[in-house]
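Welcome! Take a moment to look over the sequence and turn the structure around, and then we will walk through it together.

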Amino acid sequence: MLKSTLIKAAQAGAEVIREFFEKEIRISNKEGVNNLVTEADHASEKVIIDVIRSQFPDHSILSEEIGELATRSEYKWIIDPIDGTVNYANRIPICCVSIAVEHKGQVVMGAVYNPFINEFFFAEKGGGATLNDKQIHVSNKSEVLRSCLVTGFPYTYLDMANGPLQIFERFIRRGIPVRRLGSAAIDLCWVAAGRFDGFYEMNLQAWDSAAGFHIVEEAGGRVTDFKGNAFSPHQTFVVATNGIIHDELLKWIHGHVPN
């Protein structure tokens, strides 16, 4: 029942954002000049929660726009009704619905659905990861210099030592391709599918990473924080790779660049 409800909820949210995509929609700002929210975000969130509540009215919910609806349940649904809202608002079809299910604080299931290119990623703990019902696996690249990476930058820039621009500069000065798609959930899923070899980002929220990180791990990859510790979507720094380049990528992130 969890799986079928998760799939139905993701499909329902995706149908809403597909319907709004070509319409004139109301757009407003949250914190940061381009941290947008649209009426489609709210409409997608509502139908997703309605689907979940119809089957599991006692489960907790954490969703980007309404925040946390806590209960005594051991289950929590973590929802991003549109991951990649800036893309969406600009009619760029790199955006998705992202939903994860936690049980006793551990993610056990996740779905990420981009209806514009018809890619539905799914993973269940211990069951591997799929794209449109076909098994996927991370890449086998063995060194950072030969890798294709992806990252994102925070809406409110982190003015800190070794910040996003400093890390980014290290890679591009050595000719390493680093893409920026504008959707952390898709970034993670494309690592899981072997399209990217590694992803790193700071200042993410649980709804950005919960489903995607689970999909990476179930596809055979590795996900940690910037220190190499086990990752939780409830902290904000994430590194996800095929596992082979992980330790080396962490060194690059911290400035230990090979000659």
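In which sense do β3 and β5 pair, parallel or antiparallel? β3 and β5 pair in the parallel sense, over four bridges. Strands of a sheet pair through backbone hydrogen bonds, either parallel or antiparallel. Here two strands count as paired if DSSP finds at least two bridges between them. Helices (H or I, at least four residues) and strands (E, at least two) are DSSP runs, numbered from the N terminus.

Before going further, please note that this is a predicted model, in which local features need pLDDT of at least 70 and side-chain atom pairs count only at pLDDT 80 or more, while totals for chains, interfaces and linings use all residues. Residues are numbered from 1 along each chain as its sequence is written, and side-chain values use heavy atoms, with hydrogens and water left out.

## The whole protein

Seven helices and 15 strands make up the list of elements in the protein. Its radius of gyration is 18 Å, close to the 18 Å that the globule rule gives for 259 residues, so the protein is as compact as a globular protein of that length. This radius is taken over C-alpha atoms, and the globule rule is 2.2 Å times the number of residues to the power 0.38. The C-alpha trace spans about 55 × 40 × 35 Å along the principal axes.

Of the 259 residues, 54% count as buried. Buried means under 20% relative accessible area, exposed means over 50%, and partly exposed lies in between (1.4 Å probe, protein chains only). Contact means heavy atoms within 4.5 Å. Among the contacts with a separation of 6 or more, 61% come from residues 24 or more positions apart.

## Strands side by side

Let us return to β3, which covers residues 60–63. Both of its faces are covered: Ser60 and Leu62 are buried on one side, and Ile61 and Ser63 are buried on the other. Ser60 stands opposite Lys76 in β5. A hairpin of three residues joins β3 to β4, and these two strands pair in the antiparallel sense over three bridges. There, Ile61 has Leu69 of β4 as its bridge partner.

β6 (residues 96–103) is mostly covered, with seven of its eight residues buried. This strand pairs in the antiparallel sense with β5 (residues 75–83) and also with β7 (residues 106–114). Val101 in β6 stands opposite Trp77, and Val101 also stands opposite Met109 in β7. The hairpin of β6 and β7 has two residues between the strands, and in it Lys104 takes a positive phi near 55°.

| Strand pair | Sense | Bridges |
|---|---|---|
| β3 and β5 | parallel | four bridges |
| β3 and β4 | antiparallel | three bridges |
| β5 and β6 | antiparallel | seven bridges |
| β6 and β7 | antiparallel | seven bridges |
| β11 and β13 | parallel | three bridges |

Between β11 (residues 149–151) and β13 (residues 198–201), Thr151 has Tyr200 as its bridge partner.

## Helices and two buried residues

Now look at Ile17, which lies in helix α1 (residues 2–20). Ile17 has a relative accessible area of 0% and is therefore buried. Leaving out residues up to four places away in sequence, Ile17 touches several residues, including Ser44, Tyr88, Cys96 and Phe116.

Where does Ser44 sit? Ser44 is in helix α2 (residues 39–55). Why does Ser44 count as buried? Ser44 counts as buried because its relative accessibility is 0%. Setting aside neighbours within four places in sequence, Ser44 is in contact with Gly13, Val16, Ile17, Pro81 and Val97.

Finally, find helix α5 (residues 184–192), where nine of the nine residues are buried. Among them are Asp187, Cys189 and Trp190. α5 is followed by Gly194, whose phi is positive, near 85°.
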